[in-house]
Amino acid sequence: MNEFKFKKKYGQNFIRDENLINKIVNSAEISKESLVIEIGPGMGALTTKILDKCKHGIIYEIDTELKDFLEQKLKKYDNYELIFQDFLTADIKEITKKYNYKELLIVANLPYYITTPIIKKIIEEDILANKIVIMIQKEVADRFSAKVNTKDYSSLTVFLNYHYEIKKLFNVSKNMFYPKPDVDSSVILMSKKTEKENIKDINVFNKFVKDCFKYKRKNLRNNLKEYDLEKIELILKKYNLSLNSRAENLPLSVFIEISNSISI
Ligand code: SAM
């Protein structure tokens, strides 16, 4: 692959460091009962280690120029499906139906340009892997794992928190990649919550959370003009919050309580 031209448009920054590869794969605690989806194998740095440990691997790569190289590199394995397709257009529910497995894992060094669309897809299509170990841009990791009352706390943080426990595992210097990206990275672990608070109507919840964050600098009174503000205020008061608070001040449980109270 000497002549391979790295494609910036596909976010191709490949890992060069063996310790880092092991650290990422070990964080996923893959077993012989795991079905693992990898997004963007590149030259297969993580892929072989994943396939060594898992029952089956489903590997999505968008760049068909990597086909010959990857097929050669993975030829000793028979427990994988290598699909040259944009992950964003893949029907994951359909493909996973073919397999028997105890847990679904997603492991990836994600192409940074589509980190958020990939996470949104996983949540909106209800793919809900048991565990997700991904390397993403450090700033994005901070947003995903943001705590309430911080500026990084966003609607996506709230949606993620509903489904997953999110933990930042470690930071990774940009020097660990070739070609070297402009930004540092972090590896995060997202573990599916086993006990979730009950949401009466997920559509009402989704809309309410999005409306609360509509204009980040505005307070709830201004963002929620079309709602029954008196009802909302009564709930907020219980938690020492008010209509002057901003969306970033509300923990997940308060979003749920209010959205349940306005669901029919
Ligand atoms: N896993 C390899 C590694 O860690 O060295 C490569 C990681 S690189 C950051 C991202 C990979 O995702 C590239 O191989 C790129 O071609 C692939 N990719 C980019 N967009 C994709 C998409 N929409 N669907 C599937 N793969 C994609």
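Modeller: A salt bridge is a side-chain nitrogen of Lys or Arg within 4 Å of a carboxyl oxygen of Asp or Glu. The model is predicted, so local features need pLDDT of at least 70 and side-chain atom pairs count only at pLDDT 80 or more, while totals for chains, interfaces and linings use all residues. Residues are numbered from 1 along each chain as its sequence is written, and side-chain values use heavy atoms, with hydrogens and water left out.

Biologist: Which residues are linked with Lys7 in a network of salt bridges?

Modeller: Lys7 pairs with Asp63, their closest N and O atoms being 2.7 Å apart. The network of salt bridges joins Lys7 to Asp63 and Glu65.

Biologist: Is Asp63 buried or exposed?

Modeller: Buried means under 20% relative accessible area, exposed over 50%, and partly exposed in between (1.4 Å probe, protein chains only). Lys7 has a relative accessible area of 16% and is buried. With a value of 3%, Asp63 is likewise buried.

Biologist: Which residue meets Lys102 in a salt bridge, and where does that residue lie?

Modeller: The partner of Lys102 is Glu33, at 3.7 Å from N to O. Lys102 counts as exposed at 62% relative accessibility, whereas Glu33 counts as partly exposed at 40%. Lys102 lies in the loop between α4 (92–96) and β5 (103–109), so the pair ties together parts 69 residues apart in sequence, Glu33 being in the loop between α1 (18–27) and β2 (34–39).

Biologist: How many residues does the largest nonpolar core have?

Modeller: A nonpolar core is a set of buried Ala, Val, Leu, Ile, Met, Phe, Trp, Tyr and Cys residues joined through side-chain atoms within 4.5 Å. Ile37, Tyr60, Ile134 and Met190 have the most contacts inside the largest core, whose residues number 35.

Biologist: Which residues does Ile37 touch?

Modeller: Contact means heavy atoms within 4.5 Å. Residues up to four places away in sequence are not counted. On that basis, Ile37 touches Ile58, Tyr60, Phe87, Ile92, Thr96, Leu104, Leu105, Ile106 and Val107.

Methods. Helix = DSSP H or I, 4+ residues; strand = E, 2+ residues; numbered from the N terminus.
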